[in-house]
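Subject: Structure for your review

Dear colleague,

Please find the structure below, with its sequence. The notes that follow set out what was found in it.

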2 protein chains.
Amino acid sequence: MSTIDFVNDSALKKGIKEFLETAPHIYMAGVSVDTVIFGFHNDKLKALMLRFGNTPYFVLPGGYIMKEENLDDAALRILQERTGLKNIYLEQFYTSGNTSRSKEEVAMELTQKMIGTLPNSNWFAQRFVSVCYYALIDDTKVNPVTEVFFTEVKWFDVSKLPKVLYDHDVIINKALKRLQADLDEKLVGFNLMSETFTMGQLQKLYEAVYQKKFVRTNFQRKMLSMNVLERLEKQYNGKSHKAPYLYRFAESKK
Amino acid sequence: MSTIDFVNDSALKKGIKEFLETAPHIYMAGVSVDTVIFGFHNDKLKALMLRFGNTPYFVLPGGYIMKEENLDDAALRILQERTGLKNIYLEQFYTSGNTSRSKEEVAMELTQKMIGTLPNSNWFAQRFVSVCYYALIDDTKVNPVTEVFFTEVKWFDVSKLPKVLYDHDVIINKALKRLQADLDEKLVGFNLMSETFTMGQLQKLYEAVYQKKFVRTNFQRKMLSMNVLERLEKQYNGKSHKAPYLYRFAESKK
């Protein structure tokens with residue numbers, strides 16, 4: 001920890017001090033929200049993370065619930081505030097509540113280094129149970145934004161995560177397992193494929209989510225047995241004997 | 001509400017007063033736990049509920065998380081304290097956090113009627129986000145116990161629930177949907193069937209959980225396709241031409 005080079009960022013220091021003073025009046029104590037935003041593009045599955053201040057640590061887009069705010073509304077507001085993402089379909093999947101999850105020392109030391117002496121009650125360092133949501137989006141369709149607390153918003157390959165604070169690595173892994181289990185059912189809801197697509201394109205999505213290869217014929221059989229796909233014309237491209245069929249999600253499943 | 005006949009129960013009044021004084025020092029504020037315990041017996045699916053004091057209202061077995069206690073440990077402790085049930089496999093499935101969920105007026109009025117004037121800070125009436133767990137057990141294998149706050153512990157058919165406090169009816173319905181979605185995968189883990197069983201017995205469990213009938217041949221085909229069952233000898237009972245096969249869960253799936 002001692003090797004971290006802290007930039008003397010006065011806007012950040014001011015922001016954190018103000019937050020620590022006002023937070024107890026605005027937000028519920030003890031409960032936070034974290035969101036795992038999976039992005040799919042170029043056959044890769046990525047997760048969106050934020051650089052904490054000017055440290056080398058990244059965290060999930062997360063925050064606190066206003067005293068008079070519904071939990072699901074808080075998750076949407078927090079995601080928008082942290083990343084600029086609006087109208088994302090968020091799925092609640094897990095609440096993390098081990099006492100060891102906050103790794104207090106790291107968060108304390110980072111905050112201390114950033115703003116100097118801490119107030120008596122350090123909002124960041126108290127115990128929080130975190131309600132976790134996930135989403136799966138096409139990462140080319142969004143333009144995440146930064147703000148004063150989080151100086152960088154970045155997509156990471158799910159197999160190559162950066163250093164994280166708290167138990168955010170555990171939460172991402174749980175989200176990935178849930179995404180795998182739910183993918184069949186959520187396929188249409190996630191609204192991720194273009195209007196029409198080939199079986200091969202759909203297979204790339206499954207392979208990215210499951211982080212493994214599938215046998216083409218088995219994959220096709222499984223997909224067709226789900227009765228959610230409608231087969232359209234072939235995608236002619238000059239090599240007609242190899243042209244793949246196009247599919248779309250059947251109307252009744254949308 | 002005004003027609004409720006409150007018994008003048010001094011142990012209950014004392015218990016509630018003591019709880020309201022000590023709770024803020026022992027438990028996390030803002031987060032609670034509720035458990036939905038499904039019982040399966042005689043082809044019926046039931047849910048375990050507790051009568052709140054001496055009112056006509058029932059609640060799920062629930063409670064609060066100690067300041068230094070892991071969330072999952074809290075759920076197991078609470079279930080044991082409220083019902084006497086030990087070593088139950090609990091599955092976290094949902095966190096309920098709408099601001100409207102507490103139906104404050106009802107809880108306030110009930111508490112007030114039971115103990116007279118309320119302390120300035122009424123622990124029961126503040127906003128709680130509730131982390132919910134479910135289990136599925138053989139209800140003949142357990143003997144639930146009562147305690148001072150909850151004067152009756154009772155199984156209710158899931159299609160005939162009593163009057164409930166808070167949003168516990170919503171939580172039970174969410175638990176049932178999750179149980180239906182998870183049943184295939186959790187079948188072995190729930191440890192619910194006897195060592196060997198007929199396909200008909202397994203079908204009764206599915207029909208109770210899904211609250212509908214299945215076609216015998218389709219059900220058998222689906223179960224066998226899951227590759228978790230091992231077929232044993234026939235269950236001879238004198239009418240050998242009608243004897244059903246016995247099954248057990250394959251060793252590798254236990």
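Predicted model: local features only at pLDDT ≥ 70, side-chain atom pairs only at ≥ 80, totals over all residues.

A residue is called buried here when its relative accessible area is under 20%, exposed when that area is over 50%, and partly exposed in between (1.4 Å probe, protein chains only). By that rule Met114(B) is buried, because its relative accessible area is 4%. Met114(B) is placed in helix α3 (residues 104-115) of chain B, where helices (H or I, at least four residues) and strands (E, at least two) are DSSP runs, numbered from the N terminus.

Residues are numbered from 1 along each chain as its sequence is written, chains are lettered from A and ligands numbered from 1 in the order in which they are written, and side-chain values use heavy atoms, with hydrogens and water left out.

Chain A as a whole

Chain A has six helices and 10 strands. Of its 254 residues, 51% are buried. A contact here means heavy atoms within 4.5 Å. Among the contacts in chain A with a separation of 6 or more, 75% join residues 24 or more positions apart.

The interface between the chains

The size of an interface is often given as the accessible area lost when the parts come together. Chain A and chain B bury about 1600 Å² between them, with 49% of it on carbon and sulfur atoms; this buried area is the accessible area (1.4 Å probe) that two parts lose on being put together, summed over both. The contact draws on 23 residues from chain A and 23 residues from chain B.

There are zero salt bridges between chain A and chain B, a salt bridge being a side-chain nitrogen of Lys or Arg within 4 Å of a carboxyl oxygen of Asp or Glu. The two chains do have 13 residue pairs in polar contact (both at pLDDT 80 or more). A polar contact is a pair of N or O atoms within 3.5 Å; within protein, one must be able to donate a hydrogen and the other to accept it, and residues adjacent in sequence count only if both atoms are side-chain atoms.

On the side of chain A that touches chain B, at least two residues come from each of β1 (27-41), β4 (62-66), β5 (91-96) and β6 (129-138) of chain A. The residues on that side comprise nine nonpolar, nine polar and five charged. In this division Ala, Val, Leu, Ile, Met, Phe, Trp, Tyr, Cys and Pro count as nonpolar, Asp, Glu, Lys and Arg as charged, and the others, Gly among them, as polar.

Strand β1 of chain A

Ser32(A) is located in strand β1 of chain A and is buried, at 7% relative accessibility. Its side chain makes a polar contact of 3.4 Å with the side chain of Ser130(A). Leaving aside neighbours within four places in sequence, the residues in contact with Ser32(A) include Gly63(A), Tyr64(A) and Val131(A).

Asp34(A) also lies in strand β1 of chain A and is buried, with a relative accessible area of 6%. Not counting residues up to four places away in sequence, Asp34(A) touches several residues, among them Arg101(A), Ser130(A) and His168(A).

Helix α2 of chain A

The buried residues of α2(A) include Leu71(A), Ile78(A) and Leu79(A). Just after α2(A), Gly84(A) takes a positive phi of about 80°.

Glu81(A) and Arg77(A) form a salt bridge, with their closest N and O atoms 3.2 Å apart. Because they are four residues apart in helix α2 of chain A, about one helical turn separates them. Glu81(A) is partly exposed at 40% relative accessibility, whereas Arg77(A) is buried at 15%.

Other salt bridges

Over all chains, the whole structure contains 20 salt bridges. Glu207(B) forms one with Lys213(B), the closest N and O atoms being 3.8 Å apart. Glu207(B) is buried at 11% relative accessibility, whereas Lys213(B) is exposed, with a relative accessible area of 69%. Salt bridges that share partners also join Asp34(A), Arg101(A) and Asp167(A) into one network.

With kind regards
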